[in-house]
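Here is a walk through one protein model, from its overall make-up to single side chains. Keep the sequence and the 3D view side by side.

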Amino acid sequence: MVSEFMLQQTPVARVLPVWSVWMERWPTPSALAADEPGEAVRAWGRLGYPRRAQRLHAAATVIVAEHGGQVPASLDALRALPGVGEYTAAAIASFGYGQRHLVLDTNVRRVLARIEDGCEFPPTHLTQGERDRRQVWVPDDPAQAAAWAVASMELGALVCTARTPACPSCPVRESCAWFAAGRPAHEGPPRRGQTYAGTDRQCRGVLLGVVRDAAGPVPEEAVLAAWTSDPAQATRALEGLLADGLLRKGAQATVTL
Ligand code: SF4
């Protein structure tokens with residue numbers, strides 16, 4: 001569950017060291033729930049999207065209160081936890097508990113769009129129709145289904161990548177409609193790359209980093225001074241971090257985790 005939260009938006013190479021330290025420190029939901037949410041945000045480090053740390057802590061608290069400290073195995077109970085969406089619930093139930101579920105992450109959606117639909121990329125939004133069509137790919141045997149889920153994710157991550165799929169060495173190229181069609185170019189609106197520099201998200205990350213790396217409360221002025229290019233953006237970002245509970249106001253115009 002911890003790795004699934006961390007991997008929601010962050011590549012595995014960046015997640016691994018943080019995950020190792022995290023699991024050493026909080027090996028169980030009850031260990032995490034017993035600590036302060038701010039400590040979870042601090043330990044999240046530079047993984048980005050730090051509300052995931054908050055939600056993971058909140059989920060641990062619910063697991064202790066309602067599930068005897070054990071991560072629940074049922075999809076419904078998992079979906080009811082903070083921060084657990086359709087993909088994460090299916091991944092935990094499948095990889096953690098060996099159940100048969102359709103585990104559709106970005107990579108798997110792309111792989112199956114190519115193999116089955118002959119399209120380079122899937123539609124922007126996942127629909128029930130796509131879910132239904134992909135369901136038939138999942139083997140009936142739960143153990144095989146879990147292995148299939150891992151394998152299809154790995155195929156997408158390592159071979160059938162978004163920009164440079166390695167079709168000549170792909171083990172399923174004989175069954176791939178997109179390959180058979182000569183790899184036609186993607187139709188539809190251009191796919192936008194993600195920009196980060198100068199965004200509110202980067203600004204929030206910089207301000208949060210100042211407080212995270214400090215031993216105690218930090219004057220608001222010092223936090224805002226970390227983002228000089230746009231003071232109004234910095235003020236907005238700080239207000240957002242406070243409103244989201246990622247930072248708290250301390251005494252004498254300071255902020256803290
Ligand atoms: S043949 Fe190419 S496009 Fe088809 S699944 Fe393999 S890597 Fe992806």
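How many helices and strands does the protein have? There are 14 helices and three strands. Both are DSSP runs numbered from the N terminus: helices are H or I with at least four residues, strands are E with at least two. The model is predicted, so local features need pLDDT of at least 70 and side-chain atom pairs count only at pLDDT 80 or more, while totals for chains, interfaces and linings use all residues. Residues are numbered from 1 along each chain as its sequence is written, and side-chain values use heavy atoms, with hydrogens and water left out.

Start with the whole. The C-alpha trace spans about 65 × 45 × 30 Å along its principal axes. Of the 257 residues, 38% are buried. Buried means under 20% relative accessible area, exposed means over 50%, and partly exposed lies in between, with a 1.4 Å probe and protein chains only. A contact means heavy atoms within 4.5 Å. Among contacts between residues at least 6 apart in sequence, 57% join residues at least 24 apart.

Leu 7 is found in helix 1 (residues 2–7). Leu 7 counts as partly exposed because its relative accessibility is 33%. Beyond its neighbours within four places in sequence, Leu 7 is in contact with Val 12, Val 15 and Arg 52. Thr 88 lies in helix 7 (residues 86–97). With a relative accessible area of 4%, Thr 88 is buried. Not counting residues up to four places away in sequence, Thr 88 touches Glu 4, Phe 5 and Gln 8.

The aromatic rings come next. A pair of aromatic rings is described by the distance of the centres and the angle of the planes. Rings of Phe, Tyr and Trp (its six-membered ring) pair if their centres lie within 6.5 Å; planes under 30 degrees apart count as stacked, over 60 as edge-to-face and the rest as tilted. A search of the whole structure finds three aromatic pairs. Trp 22 is buried at 2% relative accessible area, and Trp 44 is buried at 0%. Trp 26 is buried too.

Turn to helix 8 (residues 106–117). Its 12 residues should span 16 Å at 1.5 Å a residue, and its end C-alpha atoms are 15 Å apart, which agrees. The expected span is 1.5 Å times one less than the number of residues. Is helix 8 largely enclosed or largely open? Nine of its 12 residues are buried, so the rest of the structure largely encloses helix 8. The cover over these buried residues includes helix 9 (128–135), helix 10 (142–159) and helix 11 (177–180). At the N-terminal end, Asp 105 caps helix 8, with a side-chain oxygen 3.2 Å from the backbone nitrogen of Asn 107. Just after helix 8, Gly 118 takes a positive phi of about 70 degrees.

Arg 109 counts as buried because its relative accessibility is 11%. Its side chain reaches the backbone oxygen of Pro 123 at 2.8 Å. A polar contact of 2.8 Å also joins the side chains of Arg 109 and Glu 130. Such a contact is a pair of N or O atoms within 3.5 Å; within protein, one must be able to donate a hydrogen and the other to accept it, and residues adjacent in sequence count only if both atoms are side-chain atoms. Arg 114 is also among the buried residues of helix 8. The charged end of Arg 114 sits over the ring of Phe 121, 5.3 Å from its centre. Arg 114 also lies over the face of Trp 178, at 4.9 Å from the ring centre. A charge sits over a ring if NZ of Lys or CZ of Arg is within 6 Å of the ring centre and within 35 degrees of the ring normal.

Three strands form an open, antiparallel sheet in the order 1-3-2. Its edges are strand 1 (218–219) and strand 2 (248–249), each pairing on one side only. Two strands pair if DSSP finds at least two bridges between them. Strand 2 and strand 3 (residues 254–256) pair over two bridges. Arg 248 has Thr 256 of strand 3 as its bridge partner.
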